[in-house]
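The following text walks through one model, from the whole chain down to two individual residues. Please keep the structure open while reading.

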Amino acid sequence: FFFSVARKKSSRNKHSRSYRNRVRSHSNHSQPQERSTVPSSFSSQLKTARELFVSLFLSFLHTLHYIFTSLCIFCIMGRNNNRRNQQNKRTTNRTPSNQEQIRQQKLKEERERAERIKREERILTNTYKLAPNFWPCKLQHKQNCKDKPDCLRCLGEEKEFLSPSPSNKRDDPTETLRKQTYGGLKNLGSTCYMNCILQSLFMNRNFRNAIYEFPVDTEEKNDRFMKAFQTLFAQLQCSKKKSSSPEPLAKQLKIQTSVQQDVQEFNNLLMNYIDDIFKNHESKLPRAVIEEYGGISSYQTRCQECKNISCSDASFIEIELSILGKKDLHSCLKSFVQSETLEGANQYRCDNCEKLVDAKRRRLFRSLPPVLNFQLLRFIYDPETFTKKKYMESFSFPRKLTGMKQYCIKDDMETEGTFEYDLSAVLLHIGDSATHGHYIAHIRDEETGKWWQFDDTEVREIEAHQVGDLDEAT
């Protein structure tokens with residue numbers, strides 16, 4: 001722009017070369033040609049004006065180009081700055097991301113735990129019609145709350161826990177308060193097997209809540225049993241005492257407390273009894289036993305002549321495995337699904353051949369439950385003494401059970417996740433005889449992952465490597 005203005009001023013300078021040439025040219029021409037000097041001077045001025053206009057227009061275009069370039073550079077720089085700021089934000093957010101995610105995860109777990117506790121408290125409150133002031137009650141005092149007459153000291157404990165002695169003196173209740181997270185169960189004579197089963201069922205949170213939600217409205221046999229079951233679970237969960245008594249539940253089951261039964265037989269009878277109660281109830285509640293422990297197995301029989309395969313499904317709650325000559329769990333499962341030959345007196349009647357034929361039969365799993373319950377058959381029949389004896393060889397089991405797909409019918413299982421299981425409980429028998437001994441349980445807490453040993457009234461935390469590894473326990 002400034003260059004064009006300087007050029008305009010120089011065109012008017014009399015000492016310029018173009019000006020002298022025009023004057024010389026005008027003086028040398030003749031008179032007749034003077035008429036043409038006017039238009040020539042005008043044309044030169046017009047040419048100069050046109051050059052000036054072109055210069056101004058070009059300067060204007062240069063100015064627009066400069067402004068446009070500056071704006072583009074400014075926009076690009078601003079965009080780069082925005083990108084840089086976003087990257088910086090991402091970097092700053094990425095730097096403490098692990099800590100922030102851990103903090104958010106902890107907050108989420110705390111909220112879920114608080115909601116779960118409130119839900120369980122609401123279930124218990126509705127079940128036992130407890131007063132709203134029951135839960136905030138402090139249990140570290142020696143007498144019942146004066147301003148809380150409905151304080152039950154955890155479900156009826158005011159009768160045995162706070163009742164005055166004959167000398168009108170109260171015993172110090174802190175001596176019988178539990179010092180650990182979970183409470184034990186009193187042994188009524190020879191009921192250690194029952195205590196282990198009840199503790200393992202209680203530690204299953206889904207099964208526990210299903211027992212709580214069962215409506216008890218009458219004084220019939222099944223309702224009395226469920227009421228005793230609910231009360232025992234509530235005492236194990238809410239009581240501050242070291243141990244609770246399963247005597248009311250044992251009375252409902254008509255158990256001879258002085259006789260030790262086989263833990264497998266008791267578990268099978270108890271689970272089937274509870275399942276029948278849920279199945280026959282008019283409210284049509286989800287069957288707690290089937291939902292958690294129930295699966296379906298299929299017997300496949302193949303005719304050796306026509307090669308026809310027939311299937312027969314059967315439900316199961318527990319899986320009985322023979323450990324005779326086996327060292328680990330997978331070897332037992334492989335023997336469980338191994339085919340057997342039906343021949344001779346055990347021939348199979350084929351519907352297609354309409355006669356007795358030789359056949360191959362095997363058992364596979366069609367569907368697996370959330371909780372697999374394996375019963376290891378350590379007590380075997382001794383044909384020499386006509387009595388039961390205990391198989392004393394060592395047996396190993398994994399902490400994480402994988403590869404269950406190979407024992408299932410193909411194309412029947414939906415997701416891969418159903419084939420992996422984590423060890424949650426182990427019931428141990430201490431002793432070398434099948435008729436007597438002692439049962440203890442190692443159970444994992446679903447929420448914390450910690451392992452606990454339940455030995456009647458004694459409960460203590462153990463390390464993960466100690467699970468199922470006791471010198472006197474097999």
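**From overall fold to two residues**

In this predicted model, residues 24 or more positions apart account for 62% of the contacts in the protein with a separation of 6 or more. The secondary structure consists of 12 helices and 18 strands. Of the 474 residues in the protein, 33% are buried. The exposed surface comes to about 30,600 Å², and carbon and sulfur atoms supply 51% of that area.

Two positions can now be looked at in turn. Glutamine 300 sits in strand 3, which covers residues 295-303. Is glutamine 300 buried or exposed? Its relative accessibility is 15%, and because buried means under 20% relative accessible area, glutamine 300 counts as buried. Which residues is glutamine 300 in contact with, leaving aside its neighbours within four places in sequence? The list contains Ile309, Ser310 and Cys311, then Lys360, Arg361, Arg362 and Leu364, and finally Ile409.

Arginine 113 has a relative accessible area of 42%. That value falls between the limits of 20% for buried and 50% for exposed, so arginine 113 is classed as partly exposed. How far apart in space are arginine 113 and glutamate 447, C-alpha to C-alpha? The distance is 8.9 Å, although 334 residues separate arginine 113 and glutamate 447 in sequence.

Notes
Residues are numbered from 1 along each chain as its sequence is written. This is a predicted model: local features need pLDDT of at least 70, side-chain atom pairs count only at pLDDT 80 or more; totals for chains, interfaces and linings use all residues. Side-chain values use heavy atoms; hydrogens and water are left out. Helices (H or I, at least four residues) and strands (E, at least two) are DSSP runs, numbered from the N terminus. Buried means under 20% relative accessible area, exposed over 50%, partly exposed in between (1.4 Å probe, protein chains only). Contact means heavy atoms within 4.5 Å. Accessible areas come from the Shrake-Rupley method with a 1.4 Å probe; for residues, only the protein chains shown count as cover.
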